[in-house]
Amino acid sequence: MQYEKTIHLEKAGTLAKFIPPSERYKIFSLKVTGLINRDDVERVLDEMCTSEGDYEGDPEDDIWVSDIEHSPRLRYLDLSESQFVGGNTFPYMGWYPLLEYIAFPQGIEYTSEKYNSGFEDASQLKTVVLPDGIKTIDGFSGCEELSNINIPASLEKIESLAFAFCRKLTAFPIPRKVNYIGGGAFAQCGITSFQVDPDNPYFTTVEGVIFTKDCKTLAAFPPAYPSKHYNIPEGTETIGKSAFDNCNLDTIHIPDTVMKIDAWAFDCSGLREVYIPDSVTEIGELCFRGSSNLESIRLPNNIHTLEAQIFSGCNNLKEVDIPASVKKMDVTNIVWSESLEHLYLHNGLEEITNDVLCLYKPLKYKEFYLPKTLRSFPGWLFYNCHDLKDFNLDPENPYMQSVNGAIYSKDMKKLLAVPDCLRKTFSVATGVKEIGDYVFANFSQLEEVTLPDSIECIGHRAFNWCHSLKEICLPANLKRLDFRAFEDCKSLERIVCLAPKPPLLTGSNPHWHFLNDCKNVTVVILRDSLPLYQADEGWKQVKLIPIED
């Protein structure tokens with residue numbers, strides 16, 4: 001049984017008295033007048049809008065499928081004649097709500113709490129009615145049926161991704177007071193051309209594309225633009241954040257007046273080629289992320305830094321030439337671009353940055369040139385390069401050298417990187433004192449590694465995911481050992497530690513102790529050292545067995 005109900009509240013916070021729990025799943029259409037507050041929304045309306053269901057398919061797809069039969073029946077919610085009291089922001093309401101119609105109450109200025117958008121992925125929502133006084137709109141991304149929404153003249157801000165993936169939304173006039181349009185606010189909407197109030201002092205349109213009033217910054221491109229090609233007008237200096245997010249362009253012309261391209265600017269799956277003129281000196285992170293058909297890109301010769309994940313998700317991009325002007329580049333441009341077969345680096349590059357390990361698919365590099373100007377790079381740079389057997393390090397590099405294909409510091413005191421992650425054995429060169437972070441991470445077939453007596457330090461996660469490693473001998477001079485150095489070494493059974501004093505376990509925390517997930521490992525130590533190891537907070541938690549000196 002389902003039915004309609006109209007309720008008038010003289011006092012805010014009393015809605016629960018009028019709709020007992022036994023009715024909340026049955027009401028199809030609800031109109032509330034009078035005074036309402038956060039308590040009414042969170043205690044009653046939230047329950048009436050929260051759908052039952054589960055995630056289905058590939059877990060990575062994160063697809064929620066609502067169980068309509070067992071979900072609340074509420075489809076029409078009219079709060080337009082009610083006054084929201086106790087705040088000016090509409091609270092979070094509903095988990096994947098099945099509403100088809102929502103009219104917001106009077107007295108609110110924000111449709112959603114920041115980072116807590118209650119109408120995202122409301123798959124059945126068709127109509128939204130906003131009250132006069134609304135200043136900020138957010139929280140309607142993924143409402144694929146949304147086609148009808150009124151835009152009050154009071155509107156000032158449209159937050160990032162506010163209407164992303166609202167594919168049936170074909171029009172959104174920008175009122176006079178709007179001074180902020182967040183990146184990707186209309187990604188994958190059905191809008192072919194924007195209209196901005198001519199009296200708006202902040203924005204204007206040029207052939208349906210939103211620019212700042214001075215026409216120097218391209219702010220938002222209509223996702224359903226009728227042509228597959230677009231010429232950015234001469235005089236444009238900045239391409240704004242997510243400006244072309246999920247548009248349907250194949251090609252785009254960037255004039256030599258453009259100096260800056262903001263983050264996420266070209267998340268365009270159809271984009272096939274891009275030529276960036278030398279006038280551009282700054283390209284934001286994730287600039288071409290998701291441009292899955294991109295085959296060719298020309299980077300400018302005046303850019304000095306390559307931010308994170310510029311090419312992430314560019315699944316048809318086989319090669320990229322990094323200009324010699326680039327001095328610093330984020331490592332994710334190498335490891336999150338799994339389609340790349342050739343990445344050309346030049347003298348001038350000084351740093352490959354980012355020490356946080358990023359998981360990614362196997363890479364296709366067969367060779368890799370490290371220029372003579374390169375001073376540093378993460379130890380896990382090539383940890384998933386199955387076809388890479390050697391590094392081509394410029395012999396004139398004053399900071400590092402190649403010995404038997406592996407990269408060491410110039411003074412041979414530190415092991416920096418090892419090629420061929422499918423190798424079964426490796427011997428660290430004599431005299432080396434330190435194994436860098438992640439150097440052997442994900443060497444899944446590594447069975448034997450020989451460490452010289454000179455080793456004093458083993459870095460962060462140095463042997464992480466070495467699933468075939470069963471035994472290792474730590475030399476007597478070892479003084480520091482990362483507490484996660486052997487994390488997820490599933491086959492590890494025996495560690496022989498010859499250090500008379502327990503090495504300092506660096507980076508440890510109270511929630512994850514040394515060898516926490518190596519369930520079957522035994523640590524063999526010198527008999528005279530047993531009291532010291534048993535007294536050490538980090539070492540006493542593992543199984544210790546003494547041997548004779």
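**Notes on a predicted single-chain model**

1. The chain has four helices and 42 strands. Helices are DSSP runs of H or I with at least four residues, strands are E runs of at least two, and both are numbered from the N terminus. The model is predicted: local features need pLDDT of at least 70, side-chain atom pairs count only at pLDDT 80 or more, and totals for chains, interfaces and linings use all residues. Residues are numbered from 1 along each chain as its sequence is written, and side-chain values use heavy atoms, with hydrogens and water left out.

2. Overall dimensions. The C-alpha trace spans about 85 × 60 × 35 Å along its principal axes. The accessible surface comes to about 24300 Å². Carbon and sulfur atoms hold 47% of that surface. The areas come from the Shrake-Rupley method with a 1.4 Å probe; for residues, only the protein chains shown count as cover.

3. Of 549 residues, 52% count as buried. Buried means under 20% relative accessible area, exposed over 50%, and partly exposed in between (1.4 Å probe, protein chains only). Among contacts with a separation of 6 or more, 39% link residues 24 or more positions apart. A contact means heavy atoms within 4.5 Å.

4. Helix 2. This helix covers residues 38-49. Its buried residues are D40, V41, V44, L45, D46, M48 and C49. What covers them includes strand 1 (3-9), helix 1 (15-18), strand 2 (27-36), strand 5 (76-78) and strand 6 (82-84). At the start of helix 2, a side-chain oxygen of N37 comes to within 3.1 Å of the backbone nitrogen of D39.

5. V41 up close. V41 lies in helix 2. V41 counts as buried, at 0% relative accessibility. Setting aside neighbours within four places in sequence, V41 contacts D46, F84, F90, P91, Y92 and M93. E100 is 59 residues from V41 in sequence, and the two C-alpha atoms are 17 Å apart.

6. Two strands pair if DSSP finds at least two bridges between them.

7. The hairpin. Strand 31 (residues 406-409) and strand 32 (residues 414-417) run antiparallel, joined by two bridges. I407 has A417 of strand 32 as its bridge partner. The two strands form a hairpin with four residues between them. In the turn, M412 has a positive phi of about 60°.

8. Parallel pairs. Strand 32 and strand 34 pair in the parallel sense over two bridges. L415 has I435 of strand 34 as its bridge partner. Strand 34 (residues 434-435) also pairs in the parallel sense, over two bridges, with strand 36 (residues 457-458). There I435 stands opposite I458.

9. Cysteines. How many disulfides does a search of the whole structure find? The count is zero. A disulfide is a pair of cysteine sulfur atoms within 2.5 Å. C457 is in no disulfide either; the nearest cysteine sulfur, that of C497, is 13 Å away. C287 counts as buried at 0% relative accessibility. C457 is buried too, with a relative accessible area of 8%.

Key
A polar contact is a pair of N or O atoms within 3.5 Å; within protein, one must be able to donate a hydrogen and the other to accept it, and residues adjacent in sequence count only if both atoms are side-chain atoms.
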